[in-house]
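Hello,

My notes follow below it.

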Amino acid sequence: MNEDAALQRLAFTVSGRVARPCAEVYEAVADPAQLSRYFTTGGARGRLDAGEEVSWDFADFPGRFPVRVIEAEPPRRIVIEWDAAPGTADGGAAATRTTFEFEPIDDDRRTLVTITESAWKLTEGGAQHAFGNCEGWTGMLSALKAWVEHGINLREGFYR
């Protein structure tokens, strides 16, 4: 990356490894019953299948909100969008886009999960939302790992 290049947009990528096969890890994200056990502390409604609109609720961010599933390619990729906070989306977009990629590693004994989010304006508000979401997705990866590998809900009691 050219250090002299001007920052054009805000985006981030977080990743982690989960000691389970790719299909099992994908399912833990796509299945609302599992997602509700370790991530969406207020519950998830609807499976993450392409073309669907589902809803998520969080104890730490109260209020159910809609999530649109743009792509779903089991067991390798899910792309979702939701309405961005006013004035924070880049390029006139009104949505935040998040991409989950699931890559089998070690002969599919483990999965590399990569989450990328983009569409943030180069503003203070855009940066605050991007940093907050980066923190949230990092926490989600930790909670996913604990849930899939050990059946532990790391978020239980964390926000209430």
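Asp-83 has Ala-95 of strand E6 as its bridge partner. Strands here are DSSP runs of E of at least two residues, helices are runs of H or I of at least four, and both are numbered from the N terminus. E5 and E6 (residues 95–105) run antiparallel, joined by seven bridges. Two strands pair if DSSP finds at least two bridges between them.

This is a predicted model: local features need pLDDT of at least 70, side-chain atom pairs count only at pLDDT 80 or more, and totals for chains, interfaces and linings use all residues. Residues are numbered from 1 along each chain as its sequence is written, and side-chain values use heavy atoms, without hydrogens and water.

E6 also runs antiparallel to E7 (residues 110–120), through nine bridges. Phe-102 pairs with Val-113 in E7. Four residues lie between the strands of the E6 and E7 hairpin, where Asp-106 takes a positive phi near 50 degrees.

Now helix H3, residues 124–150. Just after H3, Gly-151 has a positive phi of about 70 degrees. Buried residues in H3 include Trp-137, Met-140 and Trp-147 (buried is under 20% relative accessible area, 1.4 Å probe, protein chains only).

Regards

Methods:
Buried < 20%, exposed > 50% of the residue type's maximum accessible area, 1.4 Å probe, protein only.
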